[in-house]
Each structure stands twice: as structure tokens, then as C-alpha cells.
Amino acid sequence: MPPPTQPPPPSPDDAEPSVAREMDDEDLVEELLVTVNSARAFAEFRRTQRKECANLLRWLQLVLPLLEELRDAAPRLTDDAYRRLALLGRALSAARRLLRSCNDGSKIYLALECETVLAKFRSVYEKMHSALDGLPYAELAISDEVKEQVELMNAQLMRSRKRTDTQDMELSMDIMVILQNNEEERNADRAILERLAKKLELQTLAELRAETKAIKKIINERNGQQADSTKQIIDLLNRFKEIAGIDEKNVLGDVSMPKSLDKCPSLLIPNDFLCPITLEIMTDPVIVASGQTYERRSIQKWLDSGERTCPKSRQPLAHLSLAPNYALKNLILQWCEKNMVELQKREPEPAAGEQEDNKRKEDIPSLVDGLSSIHPDVQRKAVKKLRMLSKESPENRQLIADGGGIPALIGLLASTDKKVQENTVTSLLNLSIDDKNKLLITRGGAIPLIIEILRHGSPEAQENSAATLFSLSMIDENKAAIGSLGGLTPLVELLRNGTARGKKDAATAIFNLVLTAQNKARATHAGVVPALIGVIDDKALGMVDEALSIFLLLSSHAACRAEIGTTAFVEKLVRLIKDGTPKNKECALSVLLELGTNSKPLLVHGLRFGLHEDLSKIAKNGTSRAQRKANSLITLARKL
């Protein structure tokens, strides 16, 4: 007689959580309270996740009365109640880990991987909802008031699981532009970097040092995995350090242990011997006005970048003189001799170079005067030199602006000399890196003149005009001004017929401008849709993701969506979903979801090309954002 057939074991998705009681009822409730209170201790959050963190903290606050009533009533928990509270404990632990990560984790990681982080928030919401849904309040002696509060919170959690993207589109585009631009660094890229540094709060020495520490932790945890992502994070960190004037590049190494000490890693170096900027032993220590000591080369680079504060204390410096710290230098030499440590030899900075740099700065007032000269040759030479000087340092840009250079440059924008136009608009591009200069440039009436050069200037002048409009459009009021003054039409023309560099500059500027509703309609009227389709078709440009990002912004506007929403365009999206890069697929899915949500026939048309199988694959193996978009499209398709 054959043995009786045993039922198959439940799959992991169907299995109920274990009801094995690992601790007493009172201990379980007390542990939940400890978890919530420790999670609520995190109060400072990174910009990219600030809204989600605030929501999660608010919900944790709402859970507290439930747990406090449970502690006070101390009821005997049934298996179902115990299981749900154990589930809640796991959700609260995940919430605490997530809040800790957003409190003191790497800001660059949280921005670069914002979709992955958002998916973690959704997972926490799902766990909390599953634990609280159907909680046996009567058995737990919970008051009606607290029950109503928890049920309201649970309804909010359920809605949050279905909420659409909350990512910062402008931040995401900035990061995309910086990471995808492999050409020689341009001032427009520096402007984006400075905006990113400001948004992510990675500008001061203390902020960058904390970020370096957080990134080292990520590198150790990954243990060689996710190499591409790690490389991008390190690259962004190094570029933020560069624009801050900090000479500290290799985050993979131990920045407190220079190469000269590789043979004695156990040696404990006195903290006073280390430069606060590079964290290396000082060979030429100098004292600044605040009384702090630094390595001469490091602090000089800090000052040359335009900074006028002490990097460590952030106090304004009364003067920029550097006094040698002979006493400390002797102590360092004695310590190195005693411990047989060979100091790194540094070549002295060439005094002639410093003198030449100071001489150029002294020339700025006369060069600004030369812009208004009646002699064309003097004007040409002056604007050419100012173009170079305005690129070099913040201090030069300040000297040019303070000396009246911006109004004088604006006056030269109408010059009939193409080379003068080119050097003038590029000088204004360099000056516009500084926010206060953006206002001076726009209030001086530069925008219509820059748009005119964008229409009729030389190819390089057109490229730099587009980059200047992008830089100026970082201020919201300028977005509307550029759109109303007709800036989108020549930008679209540059996107259609410009050089490869010009198309990139035009796309970046257009993206920034169509963040406002009025400019979406203006761009569509100017013919941006066929121009963007041309960009997608030109694979050599490598700008598919940028074009799709603009399409996503346009598709949220009804009038624009009417022009975008054609069967031919949907077929292009389908091809990208099937054969594109992971990022192509992610962007194409986002646009198709926006179009399909508002037009079921368009989604039906896309599904005719066997898209179901591709959506299923992406839902399992795509990027975190692509997985969410694919699942949303699958859900939408089931309702057809």
C-alpha cells in the first residue's frame, strides 16, 4: 500500500510567519517601544529622502500610543496578536536601519541610488501595513481613540505604497549630465557640480570629511561588488572636493596614513602633526589668522580657490598671511627621526607662478576698462583675457563683478564681431557660476542678447549661449523670463541642427526650462517633439536618456501629451524597452506609463508587440525604478 500523499510545503510567499514565541509578551512590547524611540532619535536627514523620512517618523510617532497602551494593559497575547506584533517589530527594525542610513549615510549614495532607497521605504510601508492590518484590537484592550488613529495611519501607509515617483527630477538630471559627460570639463559642468554640492550640502571641509568616511563604509560593505556604482560615487566625491579646493583624492586608501608610512601601519601619529585638510603629516606647517595650523600647500590651495574662512573653524580670516610654525615643524622632525619615518619631499611652489597670478589679478580693473574702449583691438584683447581669468577662480570672478565687468560685458553682447560675441558670452557663462552674478546678468538685460547670439552666433558661441541660459535658469524666476523672451525656439533649433556639444548643451537647458508648466507648451510649440525624436534616432549622440527625461516632463502636460502620444512614438518606446540599455528601459517605461495612464489605446498598441514578456523580465531583473514601472504597467494592462 503506497504511503499517503503529503501536501506540498508552502512557498515562501504563502508561508505564515512563525508564531514561535522567542520572548515573553511584555518583553516583546518593551522591545518594540525601544525600537521606535531609538528610530525617532534620528532627526537630521539627507535632502533627497527628507520627505520620506518625515513621513516615516510621523507614522512611528502614531504607533507609540498603541505600544504604550499595550505595555500598560499587559494583556495575554493570542498567537495571532503575537505574530502581528512580531511582524511589526521586524518592520520597525527595518525603519530604524533606513532612518539611520538617511541620517548619517553617504549623501552621494542616497542621491545616486535614490530609486533603490525609495524602494526600501516602500518595503517598510508594506511590512508595517501587513502587521497592522486586521490587528485584534478587542483582544488587546486598545482604546477606540488609539484604534482609530492606527487605522487612519494604516490607510495612509496603503496609499503610500501606490504613490508615484517622488524623486527630484532636477537633481537626477544634474547627476546624469555629470556622470555621462566624458569630455573635457566645461564651466557649465562646474556650475552643475556647484549646484549639486549646494543641494547635497557637500561644500565645507567637515561635510566632505564626513562624506568620505561614509563612502569608505559603503566600499567595505560592498567588498568589491557593484563596482560601477562605487566608481561613480568616488568620482563624484573627488569632483566635489576639487571644486571645494581640497587636495584629498583617494578615498579607497587610508587618508590618515600617507605612503611614507606604509611600512609601519601600527604607528600612532600625533593628531597635531596631521594637516586638518589632507590628514597627512605636515612638512611645512603654517599658521593662519584663526590660529589653526595647516600644511602650506594645502591651505594655499584652499585660499587660491577663493575661500576666506578657516577650513576647520569656519571663522572668517582677518588676513591671508601664512606664518611658519617652526616649533611644530621641529617637533615633527624629532618624532620622525625617533620613529624612523621618512617625510615625503615636496617641491616648493614656484614663486614666479604666484607672482604671475597676482599680476593677472591686478590687471582686472584695466581689462574691465578696456571693454568700453573706442578701439576694437583693445576690446578684443580685454574680453579674451577676461574670458580666461573668469574661468580660473571664484576670486577672479568676484573681482570682475565688483569692478563693473558684468554691465560692460553685457554691452559687448551686441558686437558685430563674432569672436568678441563668443568671448563675451563665454565670460558671462563663467561669471554665472556664482549665484549673485546670475541676478546681475539677468537684471542687466542680458537674456535677449544671449538669445540673439544663440540664433546667429558662431557654433561655439551658440553652444556657450545655450550653456549660459542653462546656468541662468537655475534661478526659478529666470526660467519664466527665458521662456517668455523666446529662448526655447533657438534652443530647439540647436538641438535639431547643432554640433554634438551644442545638442548636449541645448538638451540640458531645455530640460531645466520645461520644469515649469508654461515652458512645456512653449517648447512643444517650438517643435521640441520632432527634435527630441531625432536625438533618440541618432544613436551616435548617446543622448537617449536625456531626450526621454525631457519627454517624461512634457508628458505630464495635457497639450504636450497630445503631440507626443502617437502610435509611432509608442513603437519607439517599445523598441527601447526591448533592446535598450538598463537606463534606456527605465526611462522608456516611465514615459510609456505616463502616456498609457492617460490613454488606454496607446498602451493597448504597445502591448501588441509582445511587451508582456519584456515587462515580466524587467519586473524581476531591471533597475529598482524600472521594476516599479514595469509592475505598474502590468497592473494597468490587467485592467484593460
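# Close-up views of a predicted model

**View 1. Helix H29 passes helix H32 in a left-handed crossing.** In this predicted model, the two helices touch through Val 574, Ile 577 and Lys 578 of H29 and Leu 611, Asp 614 and Ile 618 of H32. By class, these contact residues comprise four nonpolar, no polar and two charged. H32 covers residues 611-621, and its axis lies 10 Å from that of H29, at an angle of about 45°. H29 and H32 are therefore oblique to each other.

**View 2. Ala 568 belongs to helix H29, which runs over residues 567-579.** The relative accessibility of Ala 568 is 47%, so this residue counts as partly exposed. Leu 602 is 34 residues away from Ala 568 in sequence. In space, the C-alpha atoms of Ala 568 and Leu 602 are 9.9 Å apart.

**View 3. Helices H26 and H27 cross at roughly 150°.** H26 is formed by residues 528-537 and H27 by residues 544-554, and their axes come within 8 Å. An angle over 145 degrees counts as roughly antiparallel, and H26 and H27 are therefore described in that way. Their crossing is left-handed. On the H26 side, the contact involves Val 528, Val 529, Leu 532, Ile 533, Val 535 and Ile 536. On the H27 side are Val 544, Ala 547, Leu 548, Ile 550, Phe 551 and Leu 554. The contact of H26 with H27 has twelve nonpolar residues, with no polar and no charged ones.

**View 4. Helices H17 and H18 pack at an angle of about 145°.** H17 spans residues 405-412 and H18 spans residues 418-431, with the axes 9 Å apart. The crossing of this pair is left-handed. Ile 406, Leu 409, Ile 410 and Leu 412 of H17 meet Val 420, Thr 424, Ser 427, Leu 428 and Leu 431 of H18. Seven nonpolar and two polar residues make up the contact of H17 with H18, and no charged residues take part.

**View 5. Helix H21 is largely enclosed by the rest of the structure, because twelve of its 14 residues are buried.** The buried residues are Ala 461, Gln 462, Glu 463, Asn 464, Ser 465, Ala 466, Ala 467, Thr 468, Leu 469, Phe 470, Ser 471 and Leu 472. H21 consists of residues 459-472 and should span 20 Å at 1.5 Å a residue. The end C-alpha atoms of H21 are 20 Å apart, which agrees.

**View 6. Helix H11 extends over residues 227-243.** Its 17 residues should span 24 Å at 1.5 Å a residue, and the 25 Å between its end C-alpha atoms agrees with this. The buried residues of H11 include Ser 229, Thr 230, Ile 233, Ile 234, Leu 236 and Leu 237. Also buried in H11 are Asn 238, Arg 239, Phe 240, Lys 241 and Ile 243.

**View 7. Ala 141 and Glu 201 are shown in their loops.** Most residues other than glycine have a negative phi. Ala 141, although not a glycine, has a positive phi of about 60°. The loop that holds Ala 141 lies between helix H6 (137-140) and helix H7 (144-161). Glu 201 also has a positive phi, near 60°. The loop of Glu 201 is between helix H9 (187-200) and helix H10 (205-222). With a relative accessibility of 37%, Glu 201 counts as partly exposed.

Note on methods: Residues are numbered from 1 along each chain as its sequence is written. This is a predicted model: local features need pLDDT of at least 70, side-chain atom pairs count only at pLDDT 80 or more; totals for chains, interfaces and linings use all residues. Side-chain values use heavy atoms; hydrogens and water are left out. Helices (H or I, at least four residues) and strands (E, at least two) are DSSP runs, numbered from the N terminus. Buried means under 20% relative accessible area, exposed over 50%, partly exposed in between (1.4 Å probe, protein chains only). The expected span of a helix is 1.5 Å times one less than its number of residues. Axes are lines fitted to C-alpha atoms, for helices over the stretch in contact, and angles run from 0 to 180 degrees between N-to-C directions. Angles under 35 degrees count as roughly parallel, over 145 as roughly antiparallel, 65 to 115 as roughly perpendicular and the rest as oblique. A crossing is left-handed if the near helix is turned anticlockwise from the far one by less than a right angle, and right-handed if clockwise. Contact means heavy atoms within 4.5 Å. Ala, Val, Leu, Ile, Met, Phe, Trp, Tyr, Cys and Pro count as nonpolar, Asp, Glu, Lys and Arg as charged, and the others, Gly among them, as polar.
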